[in-house]
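Thanks for coming. I have one structure to go through today, so please have a look at it first.

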Amino acid sequence: MAQRILVLHGPNLNLLGTREPHLYGYTTLPELNARLSGLSSSLGASLDAFQSNHEGELVDRIQAALLDGTDFIVINAGAYTHTSVAMRDALAGINIPFVEVHLSNVYKREAFRHHSYLSDLAQGVVAGLGPQGYEAAVRFAVQYVQPA
Ligand code: CA2
């Protein structure tokens, strides 16, 4: 069975590539998702991507991962990274391994971005590598789920 990877994008990431390119680059969200889908296919895995600006919808999608056979989650929770106990509880509750990704280097930015409610539950954290950070996370996911 092909491994199933879920990529979750939090609030405002639908604006990728259209605003603040100095922080988040020029790649749009559809372009990023297409790139990640192609990468996972080439590695023999399948990928589903979901973006929402609403905390409850993200919690619902995390819970749904329990039922849809998701093996690994790659998540950029956006600003909810720094605020959401609900997303933390959902990820802790489903017990599916995940990597936390940030496009920007949050440690070079405001102090409130230095704390994450997710990091201590994650297999790993990638920050500051732009879209390449997601690619690294997908490669890690495939290897983690099915070691060569
Ligand atoms: O660096 C990241 O990936 C962040 O998760 C992005 C969040 C921010 O709140 C985190 O601290 C770090 C913000 C996402 C906003 O995305 C936009 C993209 C384009 C234009 C405007 C916002």
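In which helix is isoleucine 62 found? Isoleucine 62 sits in helix H3. Before going on, a word on the source: this is a predicted model, in which local features need pLDDT of at least 70 and side-chain atom pairs count only at pLDDT 80 or more, while totals for chains, interfaces and linings use all residues. Residues are numbered from 1 along each chain as its sequence is written, and side-chain values use heavy atoms, with hydrogens and water left out. Helices (H or I, at least four residues) and strands (E, at least two) are DSSP runs, numbered from the N terminus.

Back to isoleucine 62. Is isoleucine 62 buried or exposed? Isoleucine 62 has a relative accessible area of 0% and is buried; buried means under 20%, exposed over 50%, and partly exposed in between, with a 1.4 Å probe and protein chains only. Not counting residues up to four places away in sequence, isoleucine 62 touches Leu8, Met87, Ala90, Leu91 and Ile94, where contact means heavy atoms within 4.5 Å.

Next, the helix pair. Helix H3, residues 55-64, packs with helix H4, residues 85-94, at an angle of about 5°, and their axes are 9 Å apart. The axes are lines fitted to C-alpha atoms, for helices over the stretch in contact, and angles run from 0 to 180 degrees between N-to-C directions. H3 and H4 are therefore roughly parallel, since angles under 35 degrees count as roughly parallel, over 145 as roughly antiparallel, 65 to 115 as roughly perpendicular and the rest as oblique. On the H3 side the contact is made by Glu55, Leu58, Val59, Ile62 and Gln63, and on the H4 side by Ala86, Met87, Ala90, Leu91 and Ile94.

Asparagine 95 lies between H4 and E4, and has a positive phi, near 60°, in a residue other than glycine. Asparagine 95 is exposed, with a relative accessible area of 67%. Asparagine 12, in the loop between strand E1 (3-9) and helix H1 (21-24), also has a positive phi, near 75°.

Now the sheet. What is the order of the strands in the open sheet? The order is E2-E1-E3-E4-E5, 5 strands with parallel pairing; two strands pair if DSSP finds at least two bridges between them. Strand E2 (45-51) and strand E5 (124-127) are the edge strands, each pairing on one side only. From one strand to the next, the twist averages 20°.

Strand E4, residues 98-102, pairs with E5 in the parallel sense over 4 bridges, and glutamate 100 has valine 125 in E5 as its bridge partner. Strand E3, residues 72-76, is joined to E4 by 3 bridges, and these two run parallel. There, valine 74 has valine 99 in E4 as its bridge partner.

E4 is mostly covered, with 5 of its 5 residues buried. Phe98, Glu100 and His102 point one way, and Val99 and Val101 the other way. In a regular strand the side chains alternate between the two faces of the sheet.

Last, histidine 102, which is in strand E4. Histidine 102 is buried, with a relative accessible area of 5%. Its side chain is joined to that of glutamate 100 by a polar contact of 2.7 Å; a polar contact is a pair of N or O atoms within 3.5 Å, and within protein one must be able to donate a hydrogen and the other to accept it, with residues adjacent in sequence counting only if both atoms are side-chain atoms.
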